[in-house]
Amino acid sequence: MTGLLELVGVGREFPRRGRAVPALTDIDLRIARTSFVCVVGASGSGKSTLLSLVAGLDRPSSGEILLDGNPVLGPGPDRGLVLQSGAVYPWRTVERNVAFGLELLRIDRAERARRVAWYLEETGLTALRSALPKQLSGGQRQRVAIARALACEPDVLLLDEPFGALDVQTKEDMQLFIRRVWRDTGTTVLMVTHDVEEAVFLGQRVVVLASDPGRIAADITLELPEERELAIKRTPEFLELRARVEDLVRTFHQHAG
Amino acid sequence: MAGLAKARPAGGVAPERPPTARQLFGALPRRRPSGPPGTLLALRTPLPGRIRTLLVLASVAVPLLVWLVLGASGAVEPRFLPAPGAVWTAGVEMARSGELVTDAWATVRRILYGYGLGVAVAVPLGVAMGSFTAARSALEPVSGLLRYLPAAAFTPLLLIWLGIGESPKIALIFIGTVFFNMLMVADAVRQVPLELVNVSYTLGARRGEVLGKVILPYALPGIVDAVRVNFAAAWGLVVVAELVNSQEGLGKRILLAQRFTQTDKIFAILVVIGLIGVTADVALRITRDRIGRWVP
């Protein structure tokens, strides 16, 4: 597989009390096209910093980030971003939220409508197309945010703890949902989470970050079947992988509390 | 891992445990529970519709009743407090002669010019202050200071600068409201979550598009609210402006009535001023609620 997204020696420092404190150091990461990669780590490991660097909302202090061989210089629709809060436009209906990125492009109305309809159907939002975000549940709002990012046909979908604020049942629904959407759209997913079970269930690969400063502690390719039901979470293979990753996260989280 | 092992000793001998918090401290005194409050006194609880209507009616009816009784009993001289009936008659008389409409329109027109101009200047500057740190650094200290200079104190200056026509009155309303509006609009704009702005960039929006398609729509209900709140200040200033030098206007009419101790006329004009103000406020409130239908 070809490397789609490449991080080469990426580091990010933040000034604190006159000194430069590193949040991320020496990140080397290569993400293949159409893969699903999860990044786990305790809080303070720089997970979200990593994602905003890839999104182009922040610039690395050292190293470089390449998408398809081109350096990332700023944010753009080729790297869709979904945040924990969803950050949907509260004054726009579901449909117009999904259409936002397309409205900025010069494509004709019919084409836009066709695409929006497809993504609404894919994300199960067709019946809610005219609803305002305030009428939606937390899970539905995340679906809107995901559909909105996907409608721009991103090369990579960046997910920053997208299900972190949801209750356990909704979260599991959303995990099945994102697996299906990933396969149906053929996009590449880079997801950050602190939930190891979620990372192991969703990813083909799990990257463990160590804290203080954030750096790559382990990179594990998961030998799990491609077709995954929730029941897989109870199998010995899954539980063993999960325990392995959890131990890694704990080991590299020295500065607890 | 080591911590977990220590908590669960393998042998049968129970280790010496340190005292628990309960054993360490004496019991805290317990307060008697406050008990369920009555409906009227419960904090931030919706009231039954009928009680609410009753309270709203009473808030208008009671002062009116006191006024009626005071007027009818003759306890206060009508020269100081005219009876409601007398005020009504004075009002009808002024309306019939046409001077009420002329004065009201003169006053409203000054508001439209002065406040309208103020809003037209304050909204763009406020949006800039709320969006760009540079604009904020440049404008906030000045407007924050000028806001505290009482606008009425500018009247003599404005008369020297602008003469005695309409311009000093319009300028007074402008000066008295523009800085408040700027700061409040900037505040409304700063309510826009940074996440919403950042996500818009990742969806392909450029800076101008973020401003027009994200920041403005999000801030619009707050901006209309700022304009509504400061409208009350404009309404107060116009009367002050007219007291100084003018041919017509509700404030001027009050001054004339005072010269002849026509308290009934003064009261009638005050009622008219109140009614116009409330109408404008309600209209702006309805506008805000329509624009802000999406606000959670």
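Select A:Arg17 first, which sits in the loop between strand E1 (3-16) and strand E2 (19-32) of chain A; helices (H or I, at least four residues) and strands (E, at least two) are DSSP runs, numbered from the N terminus. In this predicted model, local features need pLDDT of at least 70 and side-chain atom pairs count only at pLDDT 80 or more, while totals for chains, interfaces and linings use all residues. Residues are numbered from 1 along each chain as its sequence is written, chains are lettered from A and ligands numbered from 1 in the order in which they are written, and side-chain values use heavy atoms, with hydrogens and water left out.

A:Arg17 has a positive phi of about 50° although it is not a glycine, and A:Arg17 is exposed, with a relative accessible area of 80%; here buried means under 20% relative accessible area, exposed over 50%, and partly exposed in between (1.4 Å probe, protein chains only). A:Thr34 counts as partly exposed, at 38% relative accessibility.

**Loops of chain A beyond E3**

Now select A:Ser43, found in the loop between E3 and helix H1 (47-55) of chain A. With 63% relative accessibility, A:Ser43 counts as exposed. Leaving aside its neighbours within four places in sequence, A:Ser43 is in contact (heavy atoms within 4.5 Å) with A:Ser211 and A:His253. The C-alpha atoms of A:Ser43 and A:His253 are separated by 8.7 Å, although these two residues are 210 residues apart along the chain.

From there, go to A:Pro213, in the loop between E9 and E10 of chain A. A cis peptide bond joins A:Asp212 to A:Pro213, with omega at about -5°.

**Helix H7 of chain A**

Select residues 236-251 of chain A, which form helix H7; at 1.5 Å a residue its 16 residues should span 22 Å, and its end C-alpha atoms are 22 Å apart, which agrees. The expected span of a helix is 1.5 Å times one less than its number of residues. The buried residues of H7(A) are A:Phe238, A:Leu241, A:Val245 and A:Val249. Seen down the axis of H7(A), these buried residues fall within an arc of 75°, so they line one face of the helix, the arc being that of the directions from the helix axis to the C-beta atoms. They pack against strand E3 (36-40), helix H6 (196-202), strand E9 (205-210) and strand E10 (215-221) of chain A. On the face turned away from the buried side, look for the exposed residues A:Pro236, A:Glu240, A:Arg250 and A:Thr251.

**Where chain A meets chain B**

Show both chains together: the contact takes 25 residues from chain A and 20 residues from chain B. The area buried between the two chains is about 1,900 Å², of which carbon and sulfur atoms give 72%; buried area is the accessible area (1.4 Å probe) that two parts lose on being put together, summed over both. In chain A, A:Trp91, A:Leu104 and A:Lys134 lose the most area to chain B, together 31% of what that side buries.

The count between chain A and chain B is one salt bridge, defined as a side-chain nitrogen of Lys or Arg within 4 Å of a carboxyl oxygen of Asp or Glu. To find a salt bridge, select A:Glu103 and B:Lys213, whose closest N and O atoms are 3.4 Å apart.

Then select B:Leu196, in helix H9 (residues 194-202) of chain B, which at 3% relative accessibility counts as buried. Leaving aside its neighbours within four places in sequence, B:Leu196 is in contact with A:Ala87, A:Val88, A:Tyr89, A:Pro90, A:Trp91, B:Val214 and B:Tyr218.

**Further into chain B**

B:Asn245 lies in the loop between helix H10 (207-244) and helix H11 (250-259) of chain B, and counts as partly exposed at 28% relative accessibility. Not counting residues up to four places away in sequence, B:Asn245 touches B:Ile164 and B:Lys169.

Finish with helix H12 of chain B, residues 263-291, whose 29 residues should span 42 Å at 1.5 Å a residue; the end C-alpha atoms are 42 Å apart, which agrees. Among the buried residues of H12(B) are B:Ile266, B:Val272, B:Gly277 and B:Arg288, and what covers the buried residues includes helix H4 (84-97), helix H5 (99-131), H10 and H11 of chain B.
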